[in-house]
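Welcome, and please have the model open as you read. We will walk through it one part at a time.

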Amino acid sequence: MASTYLNPGNFKHRSDAVIHNGVAYVSGAVPSDTSLDIKGQTAQVLAELDRRLAAAGTDKSELLSATIWLTDVNGDVAGFNEVWNAWVVPGRQPARAAVQAALQVGAKVEVAVIAAVRSA
């Protein structure tokens, strides 16, 4: 089965998502406005993930896994979780890892997800 590469921004270094064997691997999303607090940045990241998941033919109800990077895991995880818990589909929470990391462009958060793609 061939893979599908979704790269609407025509990036040389990554695709927004790659679909292979019914699974969408979605690149890490960072906020567009890094002046926002962790809740605002998280809301922007999750909205971007909604967009990328839709482009891949799936949505957050099909999440399998999430990797979360926070610049201050101890200080920001509660704010992140507040927004995340309101976004994720109850009873369909993905496997998840959250770690502390230095992030690019002044972001406080980055999230990458893997999701099943519904059959046509």
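What follows is a tour of the sheet, the helices, a ring cluster and a loop residue.

This is a predicted model, in which local features need pLDDT of at least 70 and side-chain atom pairs count only at pLDDT 80 or more, while totals for chains, interfaces and linings use all residues. Residues are numbered from 1 along each chain as its sequence is written, and side-chain values use heavy atoms, with hydrogens and water left out.

Let us begin with the sheet. Helices (H or I, at least four residues) and strands (E, at least two) are DSSP runs, numbered from the N terminus. Two strands pair if DSSP finds at least two bridges between them. Strands of a sheet pair through backbone hydrogen bonds, either parallel or antiparallel. Here six strands make an open sheet with mixed pairing, in the order 1-2-3-6-4-5. Strand 1 (4-6) and strand 5 (95-100) are at the edges with a single partner strand each, so one side of each has no neighbour in the sheet. On average, neighbouring strands of this sheet are turned by 10° against each other, direction ignored; such angles are taken between axes, which are lines fitted to C-alpha atoms, for helices over the stretch in contact, and they run from 0 to 180 degrees between N-to-C directions.

Now follow the sheet across. Strand 2 then pairs with strand 3 in the antiparallel sense over four bridges, and Ala 17 has Val 26 in strand 3 as its bridge partner.

The next step goes from strand 3 to strand 6, which run antiparallel and are joined by five bridges. Tyr 25 stands opposite Ile 114 in strand 6. Strand 6 also pairs with strand 4 in the antiparallel sense, over seven bridges, with Thr 67 opposite Ala 112. Strand 4 and strand 5, in turn, run parallel and share six bridges; Leu 70 has Gln 100 in strand 5 as its bridge partner.

What lies across the sheet? Helix 1 (residues 38-55) lies across strand 1, strand 3 (23-29), strand 4 (63-70) and strand 6 (109-116), and runs at about 150° to strand 3. Helix 2 (residues 73-87) also packs on the sheet, touching strand 4, strand 5 and strand 6, with its direction at about 150° to that of strand 4. Contact here means heavy atoms within 4.5 Å.

Asp 37 caps its N-terminal end, with a side-chain oxygen 3.2 Å from the backbone nitrogen of Lys 39. Several residues of helix 1 are buried, including Val 45, Leu 46 and Leu 49; buried means under 20% relative accessible area, exposed over 50%, and partly exposed in between (1.4 Å probe, protein chains only). Strand 3, strand 4, helix 2 and strand 6 are among the elements that cover these buried residues. Gly 57, which follows helix 1, has a positive phi near 85°.

In the loop between helix 1 and strand 4 you will find Thr 58. Is Thr 58 buried or exposed? At 4% relative accessibility, Thr 58 counts as buried. Leaving aside residues up to four places away in sequence, Thr 58 touches Ala 24, Leu 53, Ala 115, Ala 116, Val 117 and Arg 118. Its side chain reaches the backbone oxygen of Ala 116 at 2.5 Å.

Rings of Phe, Tyr and Trp (its six-membered ring) pair if their centres lie within 6.5 Å; planes under 30 degrees apart count as stacked, over 60 as edge-to-face and the rest as tilted. The count comes to two aromatic pairs. Phe 80 and Trp 84 are stacked, 5.7 Å centre to centre with 25° between the planes. Trp 84 and Trp 87 form a tilted pair, at 5.3 Å and 50°. Together, ring pairs link Phe 80, Trp 84 and Trp 87 into a cluster.

How values were computed. Polar contact = N/O pair within 3.5 Å; in protein donor to acceptor, adjacent residues only side chain to side chain.
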